[in-house]
Amino acid sequence: MTTRTPTSTRLRREFHLDGIVQGVGFRPFVYGLALRHGLAGYVLNDASGVTIGAEGSPEQLASFARELRELAPPLSRIDHFSERELPQDADSEHNPDYDGTFHIKASQQQSAATVAISPDQGMCEACATDVANPADRHHRYPFTNCTHCGPRYTIIRRLPYDRPHTAMADFAMCPRCAAAYENPLDRRYHAQPVSCPECGPHLSWRSGHGDALAEREDALQAAARALQTGALIAVKGMGGYHLMCDARNEQSVARLRTLKRRARKPLAVMMGSLAEAKLHVTGSEDEWQLLASQARPITLLHKRKNDDRHSESRQSAAPLAEGIAPGIPYLGVMLPYTPLHQLLLEACAMPLVATSANSRGSPILIECDAVVRELGGEIDGILDHNRPILHPCDDSLVQWAGGRRQTLRLARGYAPCTPSLQEAVKVPLLAVGAQQKNQLALAFGRQRIYSPYIGDLHSLPMQGHFEQTLATFRDLYDLKPELLVSDRHPGYLSHQWAKSYCRDHGATQLEVQHHHAHLLGVMAEHNITGPVLGVAFDGTGLGDDGTLWGGELLIADIQGFERVAHLQPFKLIGGEAAIREPVRQLLGLLFESYGVEQISALDIPAIKQLPLKRISNLHQLWHLGRNAPYTSSIGRLFDAVAALLGVIDTPDYEGEAGLLLEAAALQLTPDELPFPLAFGLHQSAEGPLQIEWAELLRTLINEQRKGTSNARLAAGFIRAISNLVIALAERFPGYPAALGGGVFQNRVLMDQLVPGLEAIGRQVLTSETLPLNDGGIAAGQLWFAIHHLATHQPATTGCATLSES
């Protein structure tokens, strides 16, 4: 009971807040804050956020309003804050909302309309303490959580976010959990997944064929023993199953690779603590903070070298299997993000490989039956539990490059990402993203939503995952998009789906060029409309001239762009086949300057392996232009240079060539310098500036023949890219430089380029919270659509298709 001051000195105010303010402990925070300030009134969840009615003195209300924003719960985010004075009518003394107490009112059921869904969050320190405390009823309980941590997105069926609408609906709370759930001063107040060993989910240990073998603590210990003996098991986590094995065991890692059909693609390692991680990788303070943040992303960190002996503890650390991330200088590390993972790591006392349990071309598995069906014959056991996963969600992937965070995969801990808009959109919008690294983006009212990572849409299972993810958000918010935006490439599944939807539902389809969308994604993150000097370097995307772009300099804003420079085009012999066989890309460059006999005589290992007849056949395809589209892609140039230097033959994963060149560049000894390489620039009478590569390629060939090390040549090539971008920026002054596209995932490049651009006084804009690769395309598409609503009205019948101006 609060103490009332005389009515004449008390005022009433209504506060409204929206953003991430539901399901994150906001109402109990408001309740406690009101009690401390002696206020009367109420707090409730309403249609778009949280509404507070408060009565108190002007001083009390002012302090309360300030602390609402300054002390908000850690998982909350306030996007909009408003307050207004309420009249004190004659009947005010009898108003039950202001009866001298402060109380939490029941949620209004229509609150599902616009509330932002919080991403799943890693275990908080308080819950970790409970799990470790023998006197606490959550001791060693794998599903311990509170309002500050635990699952959100992966367990929600519908809004509002209340327990009956989640995967916890069938778990009736015991009296002690119910008491905590109902107590506004308890940190588990209205934590929808709250449970304990008496009433909540529990573990089971199963054979690979799904037979139950042990329960609860016995299940955990059985799984740990299996891992210690070299087993390969599936573990049900928060957003799906992981495949896990001893990260020190080469044979187990090789088994996992065979099962996943991943010859060399790096695998993530889960380590029990930050201290353990520091035994195997090095990092800056910024990188350690990223790794240990509550989102618990996979963080790419530099491997410690074998001869690194900075501490006694380092000497005693057993080395990790070389097969985890072969040939590259980085290791993807994550820390346990659930009590289950923490308990398992402690029981095993060793680092564990943790990669998504799915076959190639399929989404992460979320049901035990599916694990048994797809993987059961190849794994040694399943550590399962009976809390359903309703929506799959992969692990987020981040790194530190160019003095800032880069998000390579937006998923658990970060997504759904829900930045607000200053002004409401007129109609519901949907951006369907790209073909690779697909993600979705939606807007309605003042809300934007970026979905978790979906993946590459090359298979029927992944296309089904795309549609299921879209259905999740359409159902949660009862959305019927009226304006859809897609990439211009007609072969993209996402483009085809949008076209079909518009035809069937009478919606309008906008198309945005791929590289413009990359830059728009950067602008969306920084909430700007341009113009910017956009540098879009990636693999390939369909250009306005019908060729495949990827080395573009665009002066861009939200209306459109001007292509002011690009890499001199060359042919991809065999189209997609060239991407799978980089020597074809190298030949596409060489055929521009050399004949077949000259090329066969070059001292290039990748060329010398080819019979003269094959070179002649490929030359014929090149000459005729059959399935040999032109490309201006810097990403494809990276592939060709990697083939020239002999660091890659057949790629195992996208971006491997660039990563191996980066690894080679990092092998420079202290007394070596990057070999000086440079691109030419040619301004034709008409058209954009051309970036010429012929002389650079000739120099690489000559220096390789002379015996110049790959380290010097790779470092020189990357530095030449950096110098090129800086030189182009100087030619087009007056604009901030926006960097977009997967090439800028190269840390060696970014660590040179960002300081170099800043040194010439250029503001550098990059994606930090959104993916800078194709995962950010949907965000850029959505930004385009948001700013075209004023000029493009949705169709009322049929299907209209509109291209950017």
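Biologist: How do E703 and K706 meet?

Modeller: Start with the general idea. Side chains of opposite charge can pair when their charged atoms come close. In this predicted model, the side chains of E703 and K706 form a salt bridge, at 3.4 Å from N to O.

Biologist: Where do E703 and K706 sit, and what separates them?

Modeller: Both lie in helix 22, residues 694-706. They are three residues apart, so about one helical turn separates them.

Biologist: Is E703 buried or exposed?

Modeller: Buried means under 20% relative accessible area. E703 has 11%, so it counts as buried. K706 is exposed, at 59%.

Biologist: Which parts of the chain does the pair of E654 and K437 tie together?

Modeller: First, the contact. E654 and K437 form a salt bridge, and their closest N and O atoms are 2.3 Å apart. E654 is in the loop between helix 20 (634-644) and helix 21 (656-665). K437 is in the loop between strand 18 (429-431) and strand 19 (441-444). The pair therefore ties together parts 217 residues apart in sequence.

Biologist: Which strands hold R84 and E14?

Modeller: Their side chains meet in a salt bridge of 3.0 Å, N to O. R84 belongs to strand 4 (residues 77-86) and E14 to strand 1 (residues 11-20). The two are 70 residues apart, so this pair links distant parts of the chain. R84 is partly exposed, at 46% relative accessibility.

Biologist: Which residues are linked in a network of salt bridges?

Modeller: R10, R12 and E55 are linked that way.

Biologist: How many salt bridges does a search of the whole structure find?

Modeller: The search finds 33.

Technical notes: Residues numbered from 1 in each chain as written. Predicted model: local features only at pLDDT ≥ 70, side-chain atom pairs only at ≥ 80, totals over all residues. Heavy atoms only, no water. Salt bridge = Lys/Arg side-chain N within 4 Å of Asp/Glu carboxyl O. Helix = DSSP H or I, 4+ residues; strand = E, 2+ residues; numbered from the N terminus. Buried < 20%, exposed > 50% of the residue type's maximum accessible area, 1.4 Å probe, protein only.
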